[in-house]
Amino acid sequence: MKLQRKNRLRTVALGALAVSSALALTACGSDNNGGGGQSGGDATKAAGSIKCEGKGQLLASGSTAQKNAMDLWVKNFMAACKDIQINYKPTGSGAGIQEFLQGKTAFAGSDSPLKPEEVTKSKDVLKGGQGINLPMVGGPIAVGYNVPGVKNLVLDADTLAKIFDSKIEKWNDDAIKKLNPDAKLPDLKVQPFHRSDESGTTDNFTKYLKAAADKSWPYEPAKAWKAKGGQSADGSAGVSSQVHQTEGAISYFELSYAKANSIDTVRLNTGASAPVEATSENASKAIAEAKVAGTGSDLALKLNYTTKAEGAYPITLVTYEIVGDKGNKAETLPAVKSFLTYIAGQDGQAVLKDLGYAPLPNEIATKVRETISSLS
């Protein structure tokens, strides 16, 4: 199994690097970063647990952060359900929500829950119903960097805020030296990259900066980047490929992109006894503190970005599948419920760790499955 996993991760990395080269100087549409795979036996086991209902083609779009999970889920589901085709396009959370609100897709992926005005607009498409948020994938937002000779870099919220607001311009700045007294920090320009597209990853990252470093981050959290300066690239694949190839670069993206591109990631000084690494397990510790903020069928979560719990990594996101509680298209509803039931189920959640994601806490996953069964 260890050899299989090693070979699988090597294949993922090579595929992602090839894509990164193609995206290096462009800002084109969607992410193409490949996720992890699953052995034939595991895929067969997963397929055996899937209950296939409905038929036809399901169109969906949105979050790039959940793309690697979605790729594997779709592969497993379609292997079991030959009469259903699922086409998920990683267009970014903002674009995915817009397509859903225009009635173009069966569901949307988003790294942030619907805003009140978006819920209102959804009622025009979902007759008798409205859009709801179903948490499906958890995980850390890694802060990846490319500083030759520097490993195990430690930063805190205040320093990150100043870096991404172009207030810290060199890697040997005193603020970074203080957090890394034993590191040989070079006199190298800091090159922060942010997302050019509207992104739930950006929304969650800036929510962390605002909550944990309010004095150094004067901007309100949003899907669109608001700070001045820095450089931009499209999607998680775009910013991660820029970090991979640019000395002095730093950016934020879902952990699997760091793994696939062999990018070093920041350890956070949260105020706990030791700096916290971006891992699935550490993200799960932070997500466990989340509270359900939605009402009724809506399961939007409120995350604690300022946790100081031991081993809890606070820059986390929960990506949602957005669907109607009522008023869904009758011709696609059975297939939608079948697919969502699989990915929220034990087998669907079990594949997430190998991809760098954090499975949902059991209590939340149970509520998600109950809500899916009630969709109409």
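These are my notebook entries on what I looked up in this predicted model.

**Ground rules.** I number residues from 1 along each chain as its sequence is written, and my side-chain values use heavy atoms, leaving out hydrogens and water. Because the model is predicted, local features need pLDDT of at least 70 and side-chain atom pairs count only at pLDDT 80 or more, while totals for chains, interfaces and linings use all residues.

**Confidence.** I began with pLDDT, the predictor's confidence in each residue, from 0 to 100. The protein has a mean of 88, and 87% of its residues reach 70 or more. Residues 1–45 are a stretch to read with care: their pLDDT is below 50. Beyond near neighbours in sequence, that stretch has 63 contacts in the model; a contact means heavy atoms within 4.5 Å.

**Overall make-up.** I found 14 helices and 13 strands. Helices (H or I, at least four residues) and strands (E, at least two) are DSSP runs, numbered from the N terminus. Of the 376 residues, 56% count as buried. Here buried means under 20% relative accessible area, exposed over 50%, and partly exposed in between, using a 1.4 Å probe and protein chains only. Among contacts between residues at least 6 apart in sequence, 76% join residues at least 24 apart.

**The core.** Which residues touch the most other members of the largest nonpolar core? They are Trp73, Met136, Leu160, Ile250 and Phe339, out of 105 residues in that core. A nonpolar core is a set of buried Ala, Val, Leu, Ile, Met, Phe, Trp, Tyr and Cys residues joined through side-chain atoms within 4.5 Å.

**Helix α6.** Leu160 also turned up in α6, among its buried residues Ala157, Thr159, Leu160, Ala161, Ile163 and Phe164. Six of the eight residues of this helix (157–164) are buried, so α6 is largely enclosed by the rest of the structure. Serine 166 follows α6 and has a positive phi, near 60°.

**The disulfide.** I found one disulfide in the structure, counted as a pair of cysteine sulfur atoms within 2.5 Å. Cys52 and Cys81 form this disulfide, with their sulfur atoms 2.0 Å apart. Cys52 is in the loop between α2 (40–48) and β1 (56–62), and Cys81 in the loop between α3 (67–80) and β2 (84–89), so the pair ties together parts that are 29 residues apart in sequence. The torsion about the S-S bond is about -85°, so the disulfide is left-handed. Are the two cysteines buried or exposed? Cys52 counts as partly exposed at 37% relative accessibility, whereas Cys81 counts as buried at 3%.

**The cavity.** My search of the whole structure gave one cavity of 30 Å³ or more. The largest cavity has a volume of about 40 Å³, and its lining includes Thr206, Trp217, Pro221 and Ala222. On a 1 Å grid over the protein atoms alone, a cavity is a set of points where a 1.4 Å probe fits but cannot get out, and lining residues have an atom within 4 Å of a point. Grid points are joined across faces, edges and corners, and a volume is the space filled by probe spheres set on the points.

**Asp203.** This residue lies in helix α8 (200–212) and is buried, at 8% relative accessibility. Beyond its neighbours within four places in sequence, Asp203 is in contact with Ser112, Pro221, Ala222 and Lys223.

Note on methods: 1 Å grid on protein atoms, 1.4 Å probe; cavity = no way out; pocket = protein on both sides within 12 Å on 5 of 7 lines; lining within 4 Å.
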